[in-house]
Amino acid sequence: MAYRLAENKGDSVAVPRLVFAKLPELEEDWLRVALYVIDTGETEPARIAAALRLKADEPARRALAYWKGAGLLSSDETPAARGDLEAAPRARLTTAEVTAAAQVDASIAGLVQECQRLMGGVVTQTDTNIFVSMYLSDGMPVDMILLGVAHFAAKGKRSARYIERALLGWQRDGIDSGEAAERYLQLLERRAAHEQEAAELFGFADAKFTKAESRAIADWYESFGYDAAMIAEAIAYADEKKNVKYVNGILRAWYTKGYRTVRDVMDESARRAENVRAAEPAATHNILGGGLRRAPRIPKTPGKEGETP
């Protein structure tokens with residue numbers, strides 16, 4: 001049976017050519033996510049997963065990260081309104097309400113006792129009301145609250161109001177369970193390690209990156225899938241323009257061209273050199289500045305073995 005494209009009834013959307021160019025390498029559901037985002041503008045993983053009937057949010061998150069790296073999406077750098085950051089819980093409980101709830105829910109006493117232990121001292125009644133309100137009014141699981149308290153207390157942030165704002169922010173970002181919170185904290189640890197590694201590759205001592213720089217560095221590892229050797233190669237290419245913004249442009253261009261390893265970059269340099277020699281046999285200068293690039297040497301760091309050749 002033969003087919004032909006049906007007449008356009010005016011219910012179509014424009015799909016960027018970039019999407020068609022990436023079709024051969026797309027993983028399952030990535031095309032569906034791209035088309036849904038193009039049609040609706042929705043970029044919240046949980047809502048995308050629900051609309052497309054995905055089994056979990058994670059496939060949507062991976063798809064969004066891929067399309068951001070490919071250039072279809074960009075980071076939303078619109079600053080949040082200060083009122084959102086400082087917002088109080090939707091319904092903070094009173095002391096009387098907390099006392100009454102504790103009589104019928106044994107989890108509350110355990111929550112308060114563990115918060116007291118993690119914060120290293122007596123938890124005031126105001127703090128108690130905040131923690132219990134997150135559990136009862138905001139619907140946060142106890143293990144999620146405790147993971148947050150442990151995380152921030154370890155960083156010296158022992159204000160219940162500070163922890164409250166942070167956890168409500170997590171919740172708005174779709175972190176709604178202890179397991180999700182644990183994965184998020186592990187992600188933060190990996191990002192901190194990646195920033196430290198990047199600082200060493202740049203030769204920065206005690207680098208403090210801006211939020212934009214931190215997002216770029218996270219993309220190198222998470223969206224592009226690059227390792228230290230690839231980042232070191234981009235830094236070497238940047239030469240005197242050795243800063244995060246310039247190196248990010250190099251890595252983004254390489255990713256778009258399909259370069260995944262240092263060998264890919266070196267092979268392309270070799271092809272360009274052969275083309276130049278074929279086109280200009282009489283030329284005596286080397287436009288590549290002394291021959292093919294060699295893979296950069298990566299500085300050793302404690303706990304790591306070996307060097308990239």
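Is R252 buried, partly exposed or exposed? With a relative accessibility of 26%, R252 counts as partly exposed. Keep in mind as you look around that this is a predicted model.

**Salt bridges**

Searching the whole structure turns up 8 salt bridges. Another of them joins the side chains of E164 and R92, at 2.8 Å from N to O. E164 sits in helix 10 (residues 160-172), while R92 is in the loop between helix 5 (82-85) and helix 6 (95-102), so this pair ties together parts that are 72 residues apart in sequence. E164 is buried, with a relative accessible area of 2%, whereas R92 is partly exposed, with 33%.

The side chains of R191 and E222 meet in a salt bridge of 2.7 Å, N to O. R191 belongs to helix 11 (residues 178-202) and E222 to helix 12 (residues 211-222), so parts that are 31 residues apart in sequence are tied together. R191 counts as partly exposed at 29% relative accessibility, and E222 is partly exposed too, at 36%.

| Salt bridge | N to O distance |
|---|---|
| E164 and R92 | 2.8 Å |
| R191 and E222 | 2.7 Å |

**The nonpolar cores**

Now turn to the inside. Which residues touch the most other members of the largest nonpolar core? They are W67, W220, M230, V247, L251 and W254, in a core of 45 residues. Several helices build this core: helix 2, helix 3 (45-52), helix 4 (58-70), helix 11, helix 12, helix 13 (228-238), helix 14 and helix 15 (262-279) each supply at least two of its residues. Helix 13 gives the largest share, 8 residues.

To see this packing up close, pick out W220. Leaving aside residues up to four places away in sequence, W220 touches F202, G225, Y226, I231, V244, V247, N248 and L251. There is also a second, separate core of 30 residues, which includes A101, V123, V132 and A160.

F20, L23, L31 and L35 make a nonpolar surface patch of about 330 Å². One of them, L35, lies in helix 2 (residues 30-40) and counts as partly exposed, at 37% relative accessibility.

Finally, take a look at the backbone. Most residues other than glycine have a negative phi. R53 has a positive phi of about 60 degrees, although it is not a glycine. You can find R53 in the loop between helix 3 and helix 4, where it is exposed, with a relative accessible area of 77%.

Where is D239? D239 is in the loop between helix 13 and helix 14. Its phi is positive as well, near 55 degrees, and D239 is a residue other than glycine. D239 is exposed, with a relative accessible area of 52%.

Notes:
Residues are numbered from 1 along each chain as its sequence is written. This is a predicted model: local features need pLDDT of at least 70, side-chain atom pairs count only at pLDDT 80 or more; totals for chains, interfaces and linings use all residues. Side-chain values use heavy atoms; hydrogens and water are left out. A salt bridge is a side-chain nitrogen of Lys or Arg within 4 Å of a carboxyl oxygen of Asp or Glu. Helices (H or I, at least four residues) and strands (E, at least two) are DSSP runs, numbered from the N terminus. Buried means under 20% relative accessible area, exposed over 50%, partly exposed in between (1.4 Å probe, protein chains only). Patches are made of residues with over 30% relative accessible area and no salt bridge: like charges are joined within 9 Å, nonpolar side chains (Val, Leu, Ile, Met, Phe, Trp, Tyr) within 5 Å. Accessible areas come from the Shrake-Rupley method with a 1.4 Å probe; for residues, only the protein chains shown count as cover. A nonpolar core is a set of buried Ala, Val, Leu, Ile, Met, Phe, Trp, Tyr and Cys residues joined through side-chain atoms within 4.5 Å. Contact means heavy atoms within 4.5 Å.
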